[in-house]
Amino acid sequence: MTERVVIVGAGHASAQVCASLRRDGWSGEILLIGDEPSLPYQRPPLSKAFLAGESTLADLLIRKPEFYEKEHIVFRRGRVTGIDRDAATVGLDDGETLGYDKLVLCTGARPRPLPVPGAELAGVHDLRDVADAQSIRSGLATAGRAVVIGGGYIGLEAAASLRKLGLAVTVLELADRVLQRVTTPRISAFYDRVHREEGIDLRLGTGVVALEGDGRVTGVRLADDEVIATDLVVVGVGVVPNVELAQAAGLTVDDGIAVDAHGRTEDPAVFAAGDCTSYVDARSGCRLRLECVANAVEQAKTVSATICGHDRSISALPWFWSDQFDLKLQIAGLSTGYDETVLRGDPDTGRSFACFYFAEGRLIAADCVNRAQDFMFSKRAIAEGLSPDRGLLADSDTQLASLLQASSTGGG
Amino acid sequence: MNAKMGTITFIEHDGTEHEVEFVDGSSLMELATSNGVPGIDGDCGGEASCGTCHVIVDDAWIAVAGTRSDVERQMIEMSPECAANSRLACQLKACPDLDGLKVRLPEFQM
């Protein structure tokens, strides 16, 4: 009998599991189950080019439909309602039960709901899937004003896209700086400055108590009772990992679905990859739940290799990117635990600089704005465990390539 | 009906060749990933943000394909496998002029 891999969820991780399984030699069935109508698509453009109307859903597909046909990968639309690990089956919302030999959970994450009255009004949007982006787009023709709740990457990217489309945009952030959860104060200060320069009304330390309107949102009431009139609200206050299926099946959940370095849960037939997982990062020794494409892809490749009997562990350096206005931010590594920073370029004036993070003399991460070269340098230097000389790194006249040859020891 | 517009050959580092037909102006990265060519990842989806679709254009084709842009230069030149004709496949769009193009893949994507 042919063996079958069932993949639950149809995002970045799933698309990569599909592709890698065939490359790694899996000749059995592959069944991909997703609850959105589409094959896996790129989510990052939803807050950028797609929101601006510059691309279509067909453009966003990670791989074209022909790929799945050619590789005999079956896509089935449906929602998995339960896993029976003893029987090795999953149940679908239409009542059908499907058997698996290997099960891969790529259930992703969902937007954290905004816990205030009025969050269900028309004109209030999350921004996670293509339907969210389409409904924001469909309201743009008649919208002149937008309020974005949450100053994280999604919120700031949405704000930048809406501003570029000509809307008056207010960003409300509860913390005392933007990107507070995900980056360092210096980077927050830079994005704060740019958003204000671009005409965003950015309000920090600002809580929302209610969304108001009769059927459709017309205003956002703040903690001090001020009401900001608006035609449109985008909520970007973080995500919650979709761990419920795993939890109900008795699998360990530790923030995300707990997987080991090979993408395995404690059940040898069950694997997980992407935003829904947590794993112990070999570099830092910390358990991490990362919300990014690069992590989804890396974990997916690892799961596929493990299923096919190859030895591979989750090892690629995490990296991220964010496009806002004319800024391309590329982040290599995780800055958590840094004890020293080095700047190349000036974040207080221009729009191009890199901030390098060191821990005990070793480069661990870099935030690079409009500095692709610095980003690629960092990816390589961090992966190779280098300790580039800090003085030379800060000097814009230094050729970065020269630091890749001479810096493996020392620590500057 | 989508008529065939041309063929592009991807050559893996170990010499394995993959001939891929194209019918529209997809990027070489999309063609490679949608046809299961190993060695091209395209993690960022074609935004020239990740540098995981590095290809080296055959000498005979570089004049037609064109040399790398400034952003490609910044992304690729830190790779130990960067060559004179290195490009990012996501920034190379298929077109009838490129029918017959050959590109080589590096051993590793960064």
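This report describes a predicted model with chains A and B.

## Ground rules

In this predicted model, local features need pLDDT of at least 70, side-chain atom pairs count only at pLDDT 80 or more, and totals for chains, interfaces and linings use all residues. Residues are numbered from 1 along each chain as its sequence is written, chains are lettered from A and ligands numbered from 1 in the order in which they are written, and side-chain values use heavy atoms, with hydrogens and water left out.

## Where the chains meet

Chain A brings 29 residues to the contact. Chain B brings 27 residues. Contact here means heavy atoms within 4.5 Å. Together the two chains bury about 2300 Å². Of that area, 49% is on carbon and sulfur atoms. Buried area is the accessible area (1.4 Å probe) that two parts lose on being put together, summed over both.

Two salt bridges link chain B and chain A. A salt bridge needs a side-chain nitrogen of Lys or Arg within 4 Å of a carboxyl oxygen of Asp or Glu. A:Lys64 and B:Asp24 form a salt bridge, with their closest N and O atoms 3.7 Å apart.

## Chain B's side of the contact

Two helices of chain B, α1 (28-34) and α3 (70-76), each supply at least two residues to the side that touches chain A. α1(B) gives the most, with three residues. Helices (H or I, at least four residues) and strands (E, at least two) are DSSP runs, numbered from the N terminus.

By class, this side of chain B has ten nonpolar, twelve polar and five charged residues. Ala, Val, Leu, Ile, Met, Phe, Trp, Tyr, Cys and Pro count as nonpolar; Asp, Glu, Lys and Arg count as charged; the others, Gly among them, count as polar.

## A buried glutamine

A:Gln42 sits in the loop between β2 (29-34) and α2 (57-60) of chain A. Its relative accessible area is 8%, so A:Gln42 is buried. The cut-offs are under 20% for buried, over 50% for exposed and in between for partly exposed (1.4 Å probe, protein chains only).

A:Gln42 touches residues of both chains. In chain A they are A:His12, A:Leu60 and A:Ile62. In chain B they are B:Cys44 and B:Gly45. Residues up to four places away in sequence are not counted.

## Salt bridges

Over all chains, the count comes to 37 salt bridges. One of them joins A:Glu96 and A:Arg76, at 2.9 Å from N to O. A:Glu96 lies in the loop between β5 (89-92) and β6 (97-99), and A:Arg76 in strand β3 (residues 73-77), so the pair ties together parts of chain A that are 20 residues apart in sequence. A:Glu96 is partly exposed, at 35% relative accessible area.

In chain B, B:Glu77 pairs with B:Arg73 in a salt bridge, with the closest N and O atoms 3.8 Å apart. B:Glu77 is partly exposed at 33%. B:Arg73 is partly exposed too, at 32%. Chain A also holds a network of salt bridges that links A:Arg193, A:Glu197, A:Glu198, A:Asp326 and A:Arg351.

## Two residues with positive phi

Most residues other than glycine have a negative phi. A:Asp225 has a positive phi, near 80°. This residue is in the loop between β14 (219-222) and β15 (227-229) of chain A. A:Asp225 is exposed, with a relative accessible area of 51%. Its side chain meets that of A:Arg221 in a salt bridge (3.4 Å, N to O). A:Arg221 is partly exposed, at 24%.

A:Glu360 also has a positive phi, near 50°. Its loop runs between β26 (353-359) and β27 (362-369) of chain A. A:Glu360 is exposed, at 79% relative accessibility.

## Annotated spans of chain A

An unreviewed UniProt entry annotates residues 4-300 of chain A as "domain: FAD/NAD(P)-binding". That span is 24% helix and 28% strand, and its end C-alpha atoms lie 17 Å apart.

The UniProt annotation "domain: Reductase C-terminal", also from an unreviewed entry, covers residues 319-404 of chain A. Here the span is 26% helix and 38% strand, with end C-alpha atoms 19 Å apart. UniProt positions are given in the numbering used here, feature names are shortened, and annotations may be inferred rather than shown by experiment.
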